[in-house]
Amino acid sequence: PLLAKPGSSKNNKTGAWRIEKMPKFLQKNCIACRLCLLICPEGCISGKEKNTFSCDYQYCKGCGSCADICPKQDIEMIKE
């Protein structure tokens, strides 16, 4: 079987696999609902307070889930 050491995923910067778009956090209308943080399959979104959320593009694959779930449309997908 294929096994990896615990914590080794941080060494695999998967952002190079990103499709044509990436999320842009506008940081204007954010209400800090944290839905983007919870839905991200890569766990690359961070932030604690309103208008402070951002994405680590070294791991983001551009799936757009964060932009789809944002109730304030404060995240948009832009061309890379």
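Hi everyone. Searching the whole structure turns up two cavities of 30 Å³ or more. A cavity here is a set of points, on a 1 Å grid over the protein atoms alone, where a 1.4 Å probe fits but cannot get out, and its lining residues have an atom within 4 Å of a point. Points are joined across faces, edges and corners, and the volume is the space filled by probe spheres set on them.

A word on the model: it is predicted, so local features need pLDDT of at least 70 and side-chain atom pairs count only at pLDDT 80 or more, while totals for chains, interfaces and linings use all residues. Numbering runs from 1 along each chain as its sequence is written, and side-chain values use heavy atoms, with hydrogens and water left out.

Let's start with the largest cavity, at about 150 Å³. Its lining has 20 residues, with C30, C36, C70, D74 and I75 nearest the centre. That lining splits into 13 nonpolar, four polar and three charged residues (nonpolar is Ala, Val, Leu, Ile, Met, Phe, Trp, Tyr, Cys and Pro; charged is Asp, Glu, Lys and Arg; the others, Gly among them, are polar).

Closest to its centre, out of 16 lining residues, are C40, C44, C60, C63 and C66. Eleven of the lining residues are nonpolar, three polar and two charged.

Let's stay with C44. Leaving out residues up to four places away in sequence, C44 touches S54, C55, D56, Y59 and C60, where contact means heavy atoms within 4.5 Å. Thanks, everyone!

Definitions and conventions: On a 1 Å grid over the protein atoms alone, a cavity is a set of points where a 1.4 Å probe fits but cannot get out, and a pocket is an open set with protein on both sides within 12 Å along at least five of seven lines; lining residues have an atom within 4 Å of a point.
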